[in-house]
Amino acid sequence: MVNVVLKEGVNWVGAVDWNIRDFHGYNTNRGSTYNAYLIRDEKTALIDTVKSQFCDDLIAHVEELTTFDKIDYIIVNHVEMDHSSSLPAIAKLAKNAKILASVRGKDELIKHYGHYFDVVETVKTGDELKLGKKTLRFLEAPMLHWPDSMFTYDVEDKILLPNDAFGQHLACSERFDDEVDEHVLMEEAAMYYANILMPFAPLITRKIQEVVGMKLEIDMIAPSHGIIWRKDPMKIINAYLKWSAMESKNKVVIVFDTMWHSTDTMARAIADGVISQGVEAKLYKLRANSISEAMTEILDSKAVLVGSPTLNNGMFPTLGQFLTYATGLKPKGKLWSFFGSYGWGGGAVKGMADMAKKAGFEVYEPGVEVKFVPDKEDLKKCFDFGQQIAQKIKA
Ligand code: FEO
């Protein structure tokens, strides 16, 4: 792939990972990209690198534009290895380059790659680097996505380079928002937010307010994953404000697994009860859907109903995985409740509710439990339960 021009002297020099389907547990059905950018003026700066398997792509893209000995600065916006694992090799090639990172970034680089990175120079919010006519300004953004994270702003070109923030895991041959299907783009942006950035919602709101307060003019947002926002950069900023405020609609997500279809039958009866009240219902059977897809649906829902059969006096293992993931991502302001089938002792419903309460979730009780196979009366209970939840979130 040839490198791509954002503005005069500013090029994308990253790599496309078409076939990644598991990004540390996040199901990346549409692949991803690792975006790096080269900014050339009197001085030349490389913004971030790529995952090490794709280092040759980065080298080829840079060499279409310049030679590595002409790179004066390498800016490390974030140390996570999808952006930095090529850095040791690139730093050796760009032997004249100073490496710049946040204070935490320098510390993390040394912890990842050793004392070769003792030479890293640190920058903080408000520091500027003159490249010639172009100026780079730095803005620390801790926890978006790691403590070291920072944004780089190209002042004259009005390009914000926020690394992980505003990204999407989306592999394609296009690089800009006006070249791709908007629905797919926003779907992937929401999935990325729900599965990576959701725990940091209050920090996101504050960081966006800080950027707005700085009155930065933004023509483009060039993140480290996926598509560059140039048609309407405010679209993704407004979406982040909405998501970080946990704006939700009358929608119930039902996440469940099943052994002999009893919990499955219950889930469908509960959904019917929800729908009967004019409320949207979405059903996600684990093992048929990924936990990342379920979390994306939960982002704008008001209630989450989780169903499990009892296995060995506890919840089915996939529900344990899902609840561990969900409680870690901390979706705020949702109503949670639980249902399931059992043969003799039970235990799944209580175990799941305890886990949710321990995480500080609002739990509606009692849920619904059915012995062995739901009969007509049991299914009426499930339907009524769905109705109650729907009425509660509409109130
Ligand atoms: Fe894309 Fe936090 O790394």
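Which residue in E7 is the bridge partner of Val-10? I looked it up, and the partner is Ile-39.

Before going on, I noted that this is a predicted model, where local features need pLDDT of at least 70, side-chain atom pairs count only at pLDDT 80 or more, and totals for chains, interfaces and linings use all residues. Residues are numbered from 1 along each chain as its sequence is written, and side-chain values use heavy atoms, with hydrogens and water left out.

**Strands**

I traced strand E2 (residues 10–12) against strand E7 (residues 37–40): they pair in the antiparallel sense over three bridges. I take strands (E, at least two residues) and helices (H or I, at least four) as DSSP runs, numbered from the N terminus. Two strands pair if DSSP finds at least two bridges between them.

I then followed E7 to strand E8 (residues 44–47). These two pair in the antiparallel sense over four bridges. They form a hairpin with three residues between them. Ile-39 stands opposite Ala-45 in E8.

**Helices**

I turned to helix H6 (residues 201–213) and helix H7 (residues 233–244). Their axes come within 9 Å and cross at roughly 140 degrees. That makes H6 oblique to H7 (under 35 degrees is roughly parallel, over 145 roughly antiparallel, 65 to 115 roughly perpendicular, the rest oblique). Axes are lines fitted to C-alpha atoms, for helices over the stretch in contact, with angles from 0 to 180 degrees between N-to-C directions.

I listed the contacts (heavy atoms within 4.5 Å). Ala-201, Ile-204, Thr-205 and Ile-208 in H6 meet Ile-237, Tyr-240, Leu-241 and Ser-244 in H7.
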